[in-house]
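Please look at the sequence and the predicted model shown here.

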Amino acid sequence: MYFSLYTTQKIILIKYRWVLNWLLFPFRKTPNNLQKSKTHLHNYQKIRNTGPEPVICHAPSRSIYFGFEGKVIPCCFNREFIYGKYPEISIKEIIEGGSRKLLQNYLSNEDFSHGCEHCLKMINTGNYEGVEARLYDGLKKQKGGFPAEMIFEIDNTCNLECVMCEGRFSSSILKNREGKGYTQGPYDTSFVEQLIPYLEKLEVAKFLGGEPFLIKQYYDIWEIILKVNPKCIINLQTNGTVYNEKIEKLLKRGHFQIGVSLDSLNKSRFEEIRKPAVFENVINNIDKFINHTRKAGCFTNISVCPMRINAEEIPRIVEFCNSKKVFVYFNTVYTKKFSLMDWNSSEIGEIYKLFNNTRFRDKGYLAKRNINSFRSLTRQIGVWYKLKLKEETRLIKRHHYHKMEFIALFEKKIHGCTSALEEKLLRNLKDIPEEMLLSDAHLEHLQQVDHNEFINVLGEETDDDLQKLLYNFFETGNFLYINKRSEIQT
């Protein structure tokens with residue numbers, strides 16, 4: 001009876017807040033510096049499960065992230081705003097100090113400039129389902145500022161060398177690809193002991209790697225959670241290669257939610273990406289994880305890295321997830337040579353066209369969620385296509401200039417300087433062509449170069465160096481100059 005009444009009251013409160021958020025939404029104003037993002041911010045607010053809230057992200061107040069090298073941060077995308085560093089500062093001081101409140105105040109005013117630019121970029125590209133901030137909406141605000149969620153990324157022990165990854169996240173890559181040794185992190189036995197008062201009140205504990213099932217200290221934390229807070233959701237992201245009797249017994253004891261990385265359903269391609277994983281083993285382990293999580297009333301999800309190497313497979317992976325009745329989550333890959341953003345506009349346009357024309361027959365809540373995630377990814381790729389097309393257009397040399405007109409552009413930059421500098425400028429420009437074509441990028445960059453910096457470079461560099469800068473300008477639209485003292489790129 002108590003449980004039923006409590007649950008009913010909780011549902012009523014959630015619905016009350018949802019209605020209140022919608023009623024107040026039209027009266028909220030977007031800060032002046034975000035006017036360009038206004039439409040996207042409003043659209044994002046409308047799809048939040050809690051309704052359009054006054055706070056864009058609850059990560060600082062409801063979650064905390066233990067990262068590499070003892071750095072305690074807001075989330076995996078904001079590694080800039082550091083709350084504190086363990087063991088220099090105790091866990092109690094970090095959690096209950098003022099840094100979390102400070103960042104929450106910034107976000108309450110829609111100020112993304114303190115390391116939160118990633119989510120704003122995702123919102124501006126229309127990939128609302130992929131916005132990290134959404135993950136914190138469902139967490140409860142705890143008394144005393146205690147986090148409802150803890151995220152652990154404290155060790156990079158990993159058995160794979162994924163092509164888009166780096167040594168920071170994989171000990172195997174660190175050793176075999178980067179030629180460096182494993183470094184033991186600062187998280188010791190005292191760290192685990194200091195966590196206990198907070199673990200007792202957690203809703204969710206997330207574990208990243210490396211590979212979580214290979215990180216010994218995670219097993220110690222899991223045992224404590226199972227003892228002091230057995231109802232806590234234990235969420236971990238695995239590469240799916242590790243499964244044994246010890247793990248099977250562990251999964252039966254707790255509320256585990258499992259995310260498995262899967263970037264291809266083609267054996268050779270999968271094994272090319274996730275080296276040296278065996279495709280059949282991972283697929284078999286996915287089925288085992290699904291079986292265990294369903295029995296516990298939890299879920300398994302598939303995490304996908306859409307890249308140049310597997311882009312055309314993404315619709316098929318969505319269908320696979322729908323058939324398995326598991327959620328799909330799309331990561332944004334920034335790694336050079338693998339990121340979709342590194343394609344030219346024609347290549348990105350082909351993938352956008354493929355995704356935009358893809359239709360799914362699957363029905364039901366889960367399939368709808370997956371299809372929405374896919375559509376959000378499609379919108380993001382569509383924005384990348386437009387940006388890439390715009391950038392390529394900027395680089396087209398289409399503005400005709402005579403030699404004297406071009407020299408006049410440079411003379412404006414040294415207006416009022418000495419005759420010696422004027423002579424040096426003209427000496428270095430005397431051999432340029434009589435006729436030339438410039439792009440928008442050329443003209444924009446020349447306009448943006450600071451007047452004083454231009455004069456300083458002209459005065460300090462040799463004629464040979466100035467000729468190299470001029471060559472770079474004609475070839476790339478950028479002088480590519482590095483000030484040797486201040487290291488400021490012009």
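## Lining of the second largest cavity

In this predicted model, helix α6 gives the largest share of the lining of the second largest cavity, namely three residues, and α3 (59-62), α5 (99-108) and α6 (117-124) each contribute at least two. The cavity holds about 130 Å³ of space, and of its 19 lining residues the closest to the centre are C57, C75, L107, C116 and C119. By class, the lining comprises 15 nonpolar, three polar and one charged residues.

## The second largest pocket

The second largest pocket has a volume of about 420 Å³, and among its 18 lining residues F68, E69, N156, R168 and T183 are the closest to the centre. Its lining divides into six nonpolar, seven polar and five charged residues.

## Salt bridges

The whole structure contains 25 salt bridges. One of them pairs E223 with R253 at 2.9 Å, N to O; because E223 belongs to helix α9 (residues 216-228) and R253 to helix α10 (residues 245-253), the pair ties together parts that are 30 residues apart in sequence. E223 is partly exposed, at 38% relative accessibility, and R253 is likewise partly exposed, at 47%.

D287 and K324 also meet in a salt bridge, at 2.7 Å from N to O, which links helix α12 (residues 279-295) to helix α13 (residues 314-324) across 37 residues. By contrast, E391 and R394, whose closest N and O atoms are 3.0 Å apart, both lie in helix α15 (residues 365-394), three residues apart, or about one turn of the helix.

Terms used:
Residues numbered from 1 in each chain as written. Predicted model: local features only at pLDDT ≥ 70, side-chain atom pairs only at ≥ 80, totals over all residues. Heavy atoms only, no water. 1 Å grid on protein atoms, 1.4 Å probe; cavity = no way out; pocket = protein on both sides within 12 Å on 5 of 7 lines; lining within 4 Å. Points joined across faces, edges and corners; volume = space filled by probe spheres on them. Helix = DSSP H or I, 4+ residues; strand = E, 2+ residues; numbered from the N terminus. Nonpolar A, V, L, I, M, F, W, Y, C, P; charged D, E, K, R; others polar. Salt bridge = Lys/Arg side-chain N within 4 Å of Asp/Glu carboxyl O. Buried < 20%, exposed > 50% of the residue type's maximum accessible area, 1.4 Å probe, protein only.
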